[in-house]
Amino acid sequence: MVGNYKNAGRTWCRKAEAVLVHDWPQDAVGQAIPYGVYDLMSNRGFVCIGDCFDTPRFAVEAICDWWAHEGYRRFPEAERLLILADAGGSNSCRSRVWKAQLQEQLCDPCGLAVTVCHYPTGCSKWNPIEHRLFSAISVNWAGVPLRTFDTVVRYIAGTVTAAGLRVTALLKRGGNETGERVSDAEMRRLRLAPHTVCPAWNYTLSPRTDWEE
């Protein structure tokens with residue numbers, strides 16, 4: 001939650017900052033939903049901060065924003081994209097909306113074959129984004145009350161490490177309502193190919209041509 005609340009950690013200051021004793025939701029400015037993309041090879045992070053709901057559509061939009069802002073410039077000849085994701089949350093391996101949005105927002109318009117490999121349940125700590133991106137962000141804003149969305153964006157974008165990490169932050173307002181559904185007929189129209197090994201966690205979505213749509 002964004003507001004005048006305590007943020008765990010320590011920071012040097014002459015005088016302790018006064019914050020609210022309780023973090024009641026009704027006292028918050030809003031809720032910040034950070035969804036990050038971490039490029040392992042380039043040591044670059046890209047974080048979209050939403051102010052609405054953490055939905056599969058928002059997760060895919062964040063990946064598409066990364067591709068539009070940085071990905072296609074960094075990999076201009078790419079035809080395939082590998083995504084390592086947690087098994088739950090907005091990019092859940094069980095989510096139909098997640099798969100359908102990957103097809104509609106990323107595969108078809110960008111012409112990319114997208115392979116998704118989900119970490120097994122309870123194993124998200126092995127995802128590099130946790131200990132190479134979000135942990136660095138937590139250290140950077142430790143002890144700083146996140147009173148406004150601008151503060152959230154500024155501290156995320158200002159996160160750097162001695163290893164060369166740099167982060168781009170993008171604030172996205174509104175949209176992403178909950179309750180979206182994907183029918184059986186829509187699922188059959190996806191070019192979804194589960195892998196032989198652990199098909200529930202590993203699959204590839206291929207671009208659809210006009211006649212296949």
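This report describes a helix pair, an aromatic pair and a loop residue in a predicted model.

## Basis of the model

Local features are taken where pLDDT is at least 70 and side-chain atom pairs where pLDDT is 80 or more, while totals for chains, interfaces and linings use all residues. Residues are numbered from 1 along each chain as its sequence is written, and side-chain values rest on heavy atoms, with hydrogens and water left out.

## Packing of α1 and α2

Helix α1 (residues 56-74) and helix α2 (residues 96-110) have axes that come within 8 Å and cross at roughly 25°; α1 is therefore roughly parallel to α2, a term for angles under 35 degrees. The crossing in which α1 passes α2 is right-handed.

On the α1 side the contact (heavy atoms within 4.5 Å) is made by P56, R57, A59, V60, E61, I63, C64 and W67, and on the α2 side by V97, W98, Q101, L102, Q105, L106 and C110. By class, this contact of α1 with α2 has 11 nonpolar, 2 polar and 2 charged residues.

## The aromatic pair

A search of the whole structure finds 1 aromatic pair, for which ring centres must lie within 6.5 Å.

T55 lies in the loop between β2 (44-50) and α1, and counts as buried at 6% relative accessibility. Leaving aside neighbours within four places in sequence, T55 is in contact with S90, N176, E177 and T178.

Technical notes: Axes are lines fitted to C-alpha atoms, for helices over the stretch in contact, and angles run from 0 to 180 degrees between N-to-C directions. Helices (H or I, at least four residues) and strands (E, at least two) are DSSP runs, numbered from the N terminus. Angles under 35 degrees count as roughly parallel, over 145 as roughly antiparallel, 65 to 115 as roughly perpendicular and the rest as oblique. A crossing is left-handed if the near helix is turned anticlockwise from the far one by less than a right angle, and right-handed if clockwise. Ala, Val, Leu, Ile, Met, Phe, Trp, Tyr, Cys and Pro count as nonpolar, Asp, Glu, Lys and Arg as charged, and the others, Gly among them, as polar. Rings of Phe, Tyr and Trp (its six-membered ring) pair if their centres lie within 6.5 Å; planes under 30 degrees apart count as stacked, over 60 as edge-to-face and the rest as tilted. Buried means under 20% relative accessible area, exposed over 50%, partly exposed in between (1.4 Å probe, protein chains only).
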